[in-house]
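Take a look at the chain shown here. The report below walks through its parts one at a time.

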Amino acid sequence: MSPNPRQMLLLQAVQAQGSAMLDELASTLGVTLQTVRRDVQRLADEGLLTRFHGGVRVPSSTTENIAHQQRTTLHAEGKARIAQAVAREVPNDCSLILNIGTTTEAIAQALLRHTGLRVITNNLNVALTLSANPQCEVIVAGGVLRGRDRGVVGEAAIDFIRQFKVDIALVGISGIEADGTLRDYDYREVKVSQAIMAHAREVWLAADHSKFNRPAMVEVARLSGIDRLFTDAPVPEPFPALLDKAQVRCHVAG
């Protein structure tokens, strides 16, 4: 198909953000929700967009994540709100583990005024950010450095993390599928994240709205493996029931 001018604007709006809700697109384009639904369906039929409940995203690979620099800017405002919501719940004088991801990097920025923190991380971006807080001790896991996002992975990182038991694991994820699985792309990164979750008294997941119904290849855990979820918009179906069944406390950052 050759998209008409309105459909091109819709496509460009989604590509600029990575994903968008249908009602937001209708407001942005100044058209009815029914018109947006028809346009989205046509674009999805051609493989130019991928639909999920209440929204649409650019087609994504199940085997490779978006580049780190692009992820830093995608949904940055929502990630900042999530980070502030997490920071409000993190007490001073506690121990944390933060994993790889742009959302956990935003959380690190939000923790700069906390005192008495002891933070373990396999994310050098998190470590560099929190090193600016003189009231925070930062412990960096050793292992293989992944240059594209400064994440540390591999067996050495897993062995290092297994020495600790922290109060809270603050973890990001690439996708949450409708069966309740938390998923990511790199098997080595997943193994480290699993060790992080296993060595924390509580696990808090930070995920913006684009992560729901987003496919990825490797299973990290299930929703039943987390205690709290922090997100930036009301969760779509079927996740409210899944969260309730898993007894996960959900925080929607305003």
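## A cysteine and its neighbours

Which residues does Cys 136 touch, not counting residues up to four places away in sequence? Cys 136 touches Leu 117, Val 119 and Leu 130. Contact here means heavy atoms within 4.5 Å. Cys 136 has its place in strand S6. Helices (H or I, at least four residues) and strands (E, at least two) are DSSP runs, numbered from the N terminus.

Is Cys 136 buried or exposed? Its relative accessibility is 10%, so Cys 136 counts as buried. Buried means under 20% relative accessible area, exposed means over 50%, and partly exposed lies in between (1.4 Å probe, protein chains only). Thr 115 is 21 residues away from Cys 136 along the chain, yet their C-alpha atoms are separated by 6.3 Å.

## About the model

This is a predicted model, in which local features need pLDDT of at least 70 and side-chain atom pairs count only at pLDDT 80 or more, while totals for chains, interfaces and linings use all residues. Residues are numbered from 1 along each chain as its sequence is written, and side-chain values use heavy atoms, with hydrogens and water left out.

## The seven-stranded sheet

Strand S6 belongs to an open sheet of seven strands. The order is S6-S5-S4-S9-S12-S14-S15, and the pairing is parallel. Two strands pair if DSSP finds at least two bridges between them. Strand S6 (136-140) and strand S15 (249-252) stand at the edges. Each has a single partner strand, so one side of each is left without a neighbour in the sheet. On average, neighbouring strands of this sheet are turned by 20° against each other, direction ignored.

Now zoom in on one pair. Strand S5 (residues 117-121) pairs with S6 in the parallel sense, over five bridges. Val 119 has Val 138 as its bridge partner in S6. Elsewhere, helix H9 (residues 187-198) lies across strand S4 (95-98), strand S9 (166-172) and strand S12 (200-206). H9 runs at about 130° to S12. Axes are lines fitted to C-alpha atoms, for helices over the stretch in contact, and angles run from 0 to 180 degrees between N-to-C directions.

UniProt places the feature "domain: HTH deoR-type" at residues 3-58, in an unreviewed entry. UniProt positions are given in the numbering used here, feature names are shortened, and annotations may be inferred rather than shown by experiment. The span 3-58 is 61% helix and 16% strand, and its end C-alpha atoms lie 15 Å apart.

A second open sheet has three strands in the order S1-S3-S2, with antiparallel pairing. Strand S1 (19-21) and strand S2 (50-52) stand at the edges. Each has a single partner strand, so one side of each lacks a neighbour in the sheet. S2 and strand S3 (residues 55-57) run antiparallel and are joined by three bridges. Thr 50 stands opposite Arg 57 in S3. Helix H1 (residues 5-17) packs on the sheet and touches S1 and S3. H2 lies across S1, S2 and S3, at about 85° to S1.

## How the helices cross

How do helix H2 (residues 22-29) and helix H3 (residues 33-45) cross? Their axes come within 9 Å and cross at roughly 110°. H2 and H3 are therefore roughly perpendicular to each other. Angles under 35 degrees count as roughly parallel, over 145 as roughly antiparallel, 65 to 115 as roughly perpendicular and the rest as oblique. The contact is made by Leu 22, Asp 23, Leu 25 and Ala 26 of H2 with Leu 33, Val 36, Arg 37 and Val 40 of H3. By class, this contact has six nonpolar, no polar and two charged residues. Ala, Val, Leu, Ile, Met, Phe, Trp, Tyr, Cys and Pro count as nonpolar, Asp, Glu, Lys and Arg as charged, and the others, Gly among them, as polar.

H1 and H3 pack at about 80°, with axes 10 Å apart. That makes H1 roughly perpendicular to H3.

## Details in the loops

A cis peptide bond joins Glu 237 and Pro 238, with omega about 5°. Pro 238 is found in the loop between strand S14 (228-231) and helix H10 (239-246).

Asp 93 lies in the loop between helix H5 (76-89) and S4. Its phi is near 60°, a positive value in a residue other than glycine. Asp 93 is exposed, with a relative accessible area of 61%. Gln 247 sits in the loop between H10 and S15. The phi of Gln 247 is near 60°, also positive. At 70% relative accessibility, Gln 247 counts as exposed.
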